[in-house]
Amino acid sequence: MASSTGDRSQAVRHGLRAKVLTLDGMNPRVRRVEYAVRGPIVQRALELEQELRQGVKKPFTEVIRANIGDAQAMGQRPITFLRQVLALCVNPDLLSSPNFPDDAKKRAERILQACGGHSLGAYSVSSGIQLIREDVARYIERRDGGIPADPNNVFLSTGASDAIVTVLKLLVAGEGHTRTGVLIPIPQYPLYSATLAELGAVQVDYYLDEERAWALDVAELHRALGQARDHCRPRALCVINPGNPTGQVQTRECIEAVIRFAFEERLFLLADEVYQDNVYAAGSQFHSFKKELGLAPDMFFCLRLLEETGICVVPGSGFGQREGTYHFRMTILPPLEKLRLLLEKLSRFHAKFTLEYS
């Protein structure tokens, strides 16, 4: 149990042994952690709820929780199918029960077959059950219009927060001027500021443009990065899209510009896309950062050309080119008939590609 300095001095006066863990002696990084959605306002809300239950008169009859995304606490009913599958996986004896539908039973049996010993309690590899990672990869591939996703690059976690904390732990290093800096948007979800404070990393703020519906401006990223390099070593850039708490949805052009910025500045890009299904504004559309494949533009062009037309050319980056320009190299050895067909296909593809990505 932690105590304050006053508690400790009072214990000494009474001849008691001082507590080992006190607020003054605890990890100072943990003391700096603040989590707005669970801070003093929430504590006061709990106290008010207790007072209302005790009959204390207030100018309201209930506390309405609008501080955190706790849907079920606000009355949203859970998805029955998910609960059924989970119950069947935890207790396979229920698979013979007539109270569960066949589709839930099939889903549970499929998951159990992928578990060691056909038991949900068996250990899995650190990255998660292979079958589920394959399902996730298929979802990502479908979401991104057929661009392949490798299940070996999927790492399952117990919620998004744990995944973010794990990645930040991998990035944080150094002391003093070499401490890791992480660029985060302002406004931001307090998980980031709290985690960076706990890990002893440097929070590097970049401001979203409220006048343009909280848009992300690459010029602001350059400003924040330049100032941060005076006192830390920036290593990562966090982008929340759709935004939390601002709700903005970044355009494809903005996303491409951010990816180029991160590539040129050698920053690890951390894309928080938890709310990708929560897009409501007319004209807004979610585009994932996973979708320019972490490839140089010329490599991306050549891969798409090959996949869509069967034409195999070589990206110009393999030969050297001026920074910021992109080329491909091809030969003219095919017979004239094939060369004519090749050029026709290439022309159509180039027009389609530039329309889609420019």
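Which strands does α7 lie across, and at about what angle does α7 run to β4? Helix α7 lies across β1, β3 and β4, and runs at about 170° to β4. Angles here run from 0 to 180 degrees between N-to-C directions, with axes as lines fitted to C-alpha atoms, for helices over the stretch in contact.

## About the model

This is a predicted model, in which local features need pLDDT of at least 70 and side-chain atom pairs count only at pLDDT 80 or more, while totals for chains, interfaces and linings use all residues. Residues are numbered from 1 along each chain as its sequence is written, and side-chain values use heavy atoms, leaving out hydrogens and water.

The predictor's confidence in each residue, pLDDT, goes from 0 to 100. For this chain the mean is 85, and 92% of the residues reach 70 or more. Where pLDDT is low, the predicted coordinates should not be read in detail.

## The sheet

Let's turn to the strands. Helices (H or I, at least four residues) and strands (E, at least two) are DSSP runs, numbered from the N terminus. Four strands make an open sheet in the order β2-β1-β3-β4, with parallel pairing. The edges belong to β2 and β4; each has a single partner strand, so one side of each is left without a neighbour in the sheet. On average, neighbouring strands are turned by 25° against each other, direction ignored.

Two strands pair if DSSP finds at least two bridges between them. Between β1 and β3 there are four bridges, and threonine 180 stands opposite arginine 233 in β3. Five bridges join β3 to β4 (residues 268-272), again in parallel, and here alanine 236 stands opposite phenylalanine 268 in β4. The chain crosses from β3 through α10 to β4 in a right-handed β-α-β crossover. Right-handed means that, with the strands pointing away from the viewer, the path from the first strand over the helix to the second runs clockwise.

Contact means heavy atoms within 4.5 Å. Helix α9 packs on the sheet, where it touches β1, β2 and β3, and its direction makes about 150° with that of β2.

Helix α8 (residues 190-199) is mostly covered, with nine of its 10 residues buried. Buried means under 20% relative accessible area, exposed over 50%, and partly exposed in between (1.4 Å probe, protein chains only). The buried residues of α8 include Leu191, Tyr192, Leu196 and Leu199. As a group, the buried residues of this helix pack against α2 (28-31), α7 (160-171), β1 (180-186), β2, β3 and β4. Glycine 200 follows α8 and has a positive phi, near 75°.

## The nonpolar cores

A nonpolar core is a set of buried Ala, Val, Leu, Ile, Met, Phe, Trp, Tyr and Cys residues joined through side-chain atoms within 4.5 Å. The largest one has 22 residues, of which Leu183, Tyr206, Leu216, Leu221, Leu237 and Val258 touch the most other members. At least two residues each come from β2 (202-207), α9 (218-228), β3 (233-240) and α10 (252-264). The largest share, six residues, is supplied by α10.

## Loops worth a look

Two cis peptide bonds are found in loops. One joins isoleucine 186 and proline 187, with omega about 0°; proline 187 lies in the loop between β1 and α8. Another joins asparagine 241 and proline 242, with omega about -5°, and proline 242 sits in the loop between β3 and α10.

Alanine 213, in the loop between β2 and α9, is not a glycine, yet has a positive phi of about 55°. Alanine 213 is exposed, at 54% relative accessible area. Arginine 266 also has a positive phi, about 55°; this arginine is in the loop between α10 and β4 and is exposed at 74% relative accessibility. Tyrosine 280, in the loop between β4 and α11 (297-309), is exposed as well, with 67% relative accessible area. The C-alpha atoms of tyrosine 280 and glycine 247 are 9.6 Å apart, although 33 residues separate the two along the chain.
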